[in-house]
Amino acid sequence: MKQFLHTITKSSILLLLLTCAHTPCATAADKTSDLYDLDLKDLLQLKVETLNKRPQQFMELPAAMTIIDRREIERSGALTIPDLLVRVPGVFVKQVSSRSTAVAVRNDIQILNTNLLVLIDGNPYYNQTTGNVLWSMLPIAVEDIERIEVIRGDGGTAWGTNSSSGVINIITRTPDSEPRARVNGGGGINAPYRLHAVTSTGSLRLSAHGERDQGWSNDPSTYTNGYVSGRYDTTVSTWDLCLSGRFFDMLTTDVRGNYTGAVRDQRNHGFDSSIALARWFGDDKLQLKGFLYSYTRDFATAETSDIRQRLGDVEMRYSHLFLPGHRTQFGLNYRNYLSELHPGKFLQQRQEKTTDSLINLTIDHESKLTKNTTANLGLRYEHFSLLQNENSLFSYSLRLSHKVSDKTIIWGSYNKSYQFPSYLMTDISGLAGVSGSAFVYQTGNPALAPEKNHSGEIGVRTFIGKDFYVDASAFYGHVKDEIIIDPAAMSSELMGTATRIDLPYTNHMKRNFLGTELLLGWDVTHALHTDLGFTWFHRKSEEQDGIFRGLINDQYAPDYKITLNSRYRINEALDLSLFLLYEPSHNYQAESMYSPVGQTGAHFRADGSLNYRFSDAGALSLGWKNLFNSTVEWALPDINDKVGGGPVKIEPAVFLNLKYCW
């Protein structure tokens with residue numbers, strides 16, 4: 001690991017030297033207008049591509065969607081992607097420990113959250129064994145991000161499985177977005193020490209990143225993380241070509257076992273690569289893409305080494321314009337999963353090596369019914385080899401939008417989709433907790449059916465005058481065959497002097513949820529912009545087979561959250577970003593037949609950054625995070641307190657960051 005970080009540091013210096021002589025820094029005028037102008041009217045021209053996998057005007061989107069652009073990222077001072085997402089209505093973010101974060105969109109906050117799809121440039125990044133996103137393992141730093149597009153609600157027929165509650169697409173900077181060499185570095189109290197370097201020409205962009213964090217006083221885990229990445233954009237004949245790739249490595253030491261109480265080292269390392277081709281045929285467009293994501297993980301708490309994961313993804317899309325205002329997009333996607341898991345002390349899977357595949361066929365048709373009214377119909381066929389019973393499923397979505405004026409749109413949508421179980425839920429028997437002489441195992445169920453999701457929402461997006469913006473939505477949903485660990489089906493057996501208790505996954509629950517989200521944006525002056533966000537969310541699970549199981553898997557997320565996000569340009573050289581969050585107290589573990597209910601306290605959080613540009617080429621920032629917040633944001637079951645792996649209190653952070661470009 002030391003050698004890896006040493007290589008990253010040398011790579012960073014080399015990247016800078018390669019381009020210092022010939023890559024100019026942006027002019028002061030460009031920097032000021034590009035990064036620090038605050039103007040809501042930019043939303044009228046903004047195009048996004050996540051909703052239906054093609055560029056669309058933001059003010060015409062029939063969906064609840066938020067864009068965090070590069071200017072917001074630069075001003076915020078945020079060091080991690082979850083620190084940016086917490087600002088979005090409908091998104092719940094909880095820091096579990098100094099190195100681990102849980103993120104949910106319109107759903108409960110769980111570490112193994114399989115309902116949220118996270119993408120980098122449209123490519124899926126999730127652990128195919130557990131189905132969740134490992135945020136600390138994402139091989140991308142905030143310095144490499146152009147914007148983040150967040151779909152709040154069902155990803156619909158465009159994305160299918162793993163997107164039933166939302167989609168987060170992290171879009172990287174292109175080689176022509178910053179024609180210069182740049183280095184960032186910094187660190188502070190309860191914050192990682194970071195070094196990031198990038199060089200970019202018209203077609204090639206290279207970056208290197210390294211960081212080290214010492215953990216908190218009540219969570220002494222330390223980690224060292226780094227990656228090198230490259231992206232090459234060019235035109236070959238009539239084809240647009242994009243090549244990208246990354247190598248990454250992360251080592252965590254003194255890991256406190258979430259369940260076992262073990263203290264071990266944990267390492268994750270691997271690579272990804274992507275190729276994308278696009279060509280226009282008049283008004284039609286053909287897109288081809290291939291993606292490979294491979295890594296090895298050493299699970300410290302499971303005492304299992306070399307858990308290898310590989311995800312391959314190939315996709316073809318063809319967009320055809322039949323008539324003006326009537327466009328159909330056809331898609332074919334094949335995804336392959338390879339997992340190699342070696343039996344360990346606390347992990348007893350049925351097979352050491354498994355291969356599964358997922359095939360998707362999609363049709364997306366958009367028609368202008370009138371000059372101002374647009375309908376979008378999506379159809380999706382999915383075949384997943386992991387499922388034993390239902391492995392050929394059909395989904396659909398219908399979205400309607402109506403432009404009341406150039407600055408106002410109302411919209412509505414309805415989605416039917418499926419959420420597939422993960423390999424953990426179907427095939428793995430692994431330790432979930434230990435207390436005294438009892439071992440509690442989560443047991444996979446090969447007969448699990450996918451969750452069946454029905455959801456609908458309505459919304460309005462409008463400008464009032466030229467300085468006030470409103471984005472509001474209301475949603476509801478129903479989930480049948482919810483996948484949970486079922487205490488009513490638990491069994492036990494003696495294992496020598498210890499007792500093993502098995503808790504299998506089942507489909508015997510159903511869930512209803514509803515909520516509202518509101519964002520008010522206001523350009524108070526040319527120098528001051530403020531966003532006020534409000535989220536209300538409620539869900540309720542109950543048995544669908546008449547067998548009482550207690551309040552199992554009831555709402556873990558807070559009932560509501562309030563956010564205030566302001567940016568103020570004090571003068572040409574100095575600006576201030578301030579983010580405030582309030583969440584009420586809420587349950588962190590539902591009452592059931594085998595566990596008591598717990599509760600976290602209400603908390604108030606303040607993040608921010610004071611940015612000083614001391615020259616055309618350099619800037620110094622003073623940032624802070626989690627001020628006034630020292631509560632437990634997310635807690636594992638109470639059983640952890642007995643083995644030394646219990647709830648972790650948040651510790652505020654203060655840090656400096658220096659940026660310089662040539």
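1. Arg-54 and Asp-364 form a salt bridge, with their closest N and O atoms 3.1 Å apart. A salt bridge here is a side-chain nitrogen of Lys or Arg within 4 Å of a carboxyl oxygen of Asp or Glu. Arg-54 sits in the loop between β1 (47-48) and β2 (56-57), while Asp-364 belongs to strand β19 (residues 353-368), so the pair ties together parts that are 310 residues apart in sequence. Helices (H or I, at least four residues) and strands (E, at least two) are DSSP runs, numbered from the N terminus.

2. This is a predicted model, in which local features need pLDDT of at least 70 and side-chain atom pairs count only at pLDDT 80 or more, while totals for chains, interfaces and linings use all residues. Residues are numbered from 1 along each chain as its sequence is written, and side-chain values use heavy atoms, without hydrogens and water.

3. Arg-54 is buried at 11% relative accessible area, and Asp-364 is buried at 7%. Buried means under 20% relative accessible area, exposed over 50%, and partly exposed in between (1.4 Å probe, protein chains only).

4. Arg-567 and Glu-72 also form a salt bridge, at 3.2 Å from N to O. Arg-567 is in strand β30 (residues 560-569) and Glu-72 in helix α4 (residues 70-76), so this pair links parts that are 495 residues apart in sequence. Both residues, Arg-567 and Glu-72, are buried.

5. Asp-233 and Arg-231 pair in a salt bridge at 3.2 Å, N to O. Asp-233 is partly exposed at 21% relative accessibility, whereas Arg-231 is buried at 15%. Elsewhere, salt bridges with shared partners join Lys-53, Lys-289, Glu-315 and Arg-317 into one network.

6. The count of salt bridges by this rule is 36.
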